[in-house]
Amino acid sequence: MKKQLLLLLFISVTMVTYAGGYRVSVQGQRAMAMGHTGVAVVNSAELVFFNPAGLVYLENKLNVSVGASGIFTDVVYQNEEFGISSETDSSVGTPLNLYVSYQLNDWMSVGLGVYTPYGSEVTWPTDWAGSHLVNSIDLAGVYIQPVVSFKLSEHFSIGGGPIYATGSVNFNRNLNRTLADIDGNRSNVTIDDTGVSNWGWSIGAMFNPTENFHIGLNYRSEIIFEAEGGDATFTNIPNSPAVDFTNGSTTFDAELPLPAELTVGLSYEYKKWIFAFDYNRQFWDVYESLDIDFANTPDGPDSVNPRNYKNSSVYRFGLQYQATDKITLRAGYYRDESPVQERFFAPETPRNDSDGFSGGLSFAITPKLAIDASFFYLRFEEVDASYDFYQENGQNVPFEGTYKSSAFAPGLGLTYKM
């Protein structure tokens, strides 16, 4: 039973961290204000993330973009049949990003990006109806991405480089729906792991049919995250021969694929206006199952759990308007599909199809330095769904209900060029 419990815990954690949950993309203030479009927009060092091939078309030799956002999330769970409801505590995620590009000569530029594509905190009320699935989770991820960009002609360029990804997670849930110690404290377990890391890569291309028309493509590879020797700590376990686990810790190893993604898009500049469109495809079908190896067991996986995610798409639209010499206005919209299939919806991953609305502006303090501001509001569709794979006493116990989710994120940044 302990092995089954650890398996379910690790699946829950990794789902939130990498499959969605509060997967809100904030990899640049200017791009975010334009609906997170950027694969074909040439306006800042944010291209390090969105499409390194575009760096060679930046006008200035040195470009720096830095920013941060505060993501406020809220999830409400209801089950009308049993007359119960719960709401997550207000939480704030703080994704950061830093991008630098430098033009070595007329045909080559280099860059570096440091950003946090995953990072959030979720806390449900103590002993709520789904506490056997999750009580709280705190997670963070940092990506470090050096890139190089080559101009093959005035109309075509390529770029890319390796990606180093590292992250941490702390996750707590009750062991089951009723178990408690002699004082009535619910038995629970905490998963904690840091330094989970591995390498990937990204490559991009940009084609410019005219001076005002850009077509971009960027591919980001699958990354295999490897958890080795992660800690699982059990507390409030009753001292009873009927319970086959005890207070204390154990370790586990696991591998999880972060899916590859492909983004294609275009931008067109007309007088003071820029229109951008991105299509992003995330190849979640690589995530078929999760294999877990626990300490002090024979070779081979101790458990194989099917996930059977589906590929999903994001459709992004962005506008930019140069209002004055100092003020640039931006707005955007995007439609984000969920990769989670029926019967796999859980409070660890309260994510379904969503609509995002964004806006923002830049104010040029000097010709070299500008303040960038953005915001977005993400509205998840209300969904009646269930999680059917929690096991207790050898039986699947579905957990179902209605979920309402939303997220709001204001952000600030600086852009410097010289």
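This is a predicted model: local features need pLDDT of at least 70, side-chain atom pairs count only at pLDDT 80 or more; totals for chains, interfaces and linings use all residues.
Q: Let's begin with strands. Which residues of strand E1 are on the covered face, and which on the uncovered one?
A: The general idea: in a regular strand the side chains alternate between the two faces of the sheet. Helices (H or I, at least four residues) and strands (E, at least two) are DSSP runs, numbered from the N terminus. In E1 (residues 62-69), Asn63, Ser65, Gly67 and Ser69 make up the covered face, and Leu62, Val64, Val66 and Ala68 the uncovered one.

Q: How many bridges join E1 to strand E5?
A: Two strands pair if DSSP finds at least two bridges between them. E1 and E5 (residues 96-105) run antiparallel and share seven bridges, with Val66 partnered by Leu98. E1 also pairs with E25 (residues 399-417), antiparallel again, over seven bridges; there Ala68 has Leu412 as its bridge partner.

Q: And which strand is joined to E12 by 11 bridges?
A: That's E13 (residues 248-258), antiparallel to E12, and Pro257 is the partner of Ile224. E12 (residues 223-235) also runs antiparallel to E10 (residues 188-210), with six bridges; Asp192 sits opposite Asp231 there.

Q: Is Lys271 buried or exposed?
A: Buried means under 20% relative accessible area, exposed over 50%, partly exposed in between (1.4 Å probe, protein chains only). Lys271 has 67%, so it is exposed. His36 has 3%, so it counts as buried.

Q: How many salt bridges are there?
A: A salt bridge is a side-chain nitrogen of Lys or Arg within 4 Å of a carboxyl oxygen of Asp or Glu. By this rule the count is 11. One of them joins Glu392 and Arg177 at 3.4 Å, N to O. That pair links distant parts of the chain, 215 residues apart: Glu392 is in strand E23 (residues 391-392), Arg177 in the loop between strand E9 (156-174) and E10. Glu392 is buried at 9% relative accessibility, whereas Arg177 is partly exposed at 42%.

Q: Which residue forms a salt bridge with Arg335?
A: Asp355 does, with the closest N and O atoms 3.0 Å apart. Arg335 is in strand E19 (residues 327-336) and Asp355 in strand E20 (residues 354-364), 20 residues apart. Asp355 is buried, with a relative accessible area of 8%, while Arg335 is partly exposed at 22%.

Q: What about Lys404 and Glu382, where do they lie?
A: Their side chains meet in a salt bridge (4.0 Å, N to O). Lys404 is in strand E25 and Glu382 in the loop between strand E21 (369-380) and strand E22 (383-387), so the pair ties together parts that are 22 residues apart in sequence. Elsewhere, salt bridges that share partners join Arg335, Asp353, Asp355, Arg379 and Glu381 into one network.

Notes: Residues are numbered from 1 along each chain as its sequence is written. Side-chain values use heavy atoms; hydrogens and water are left out.
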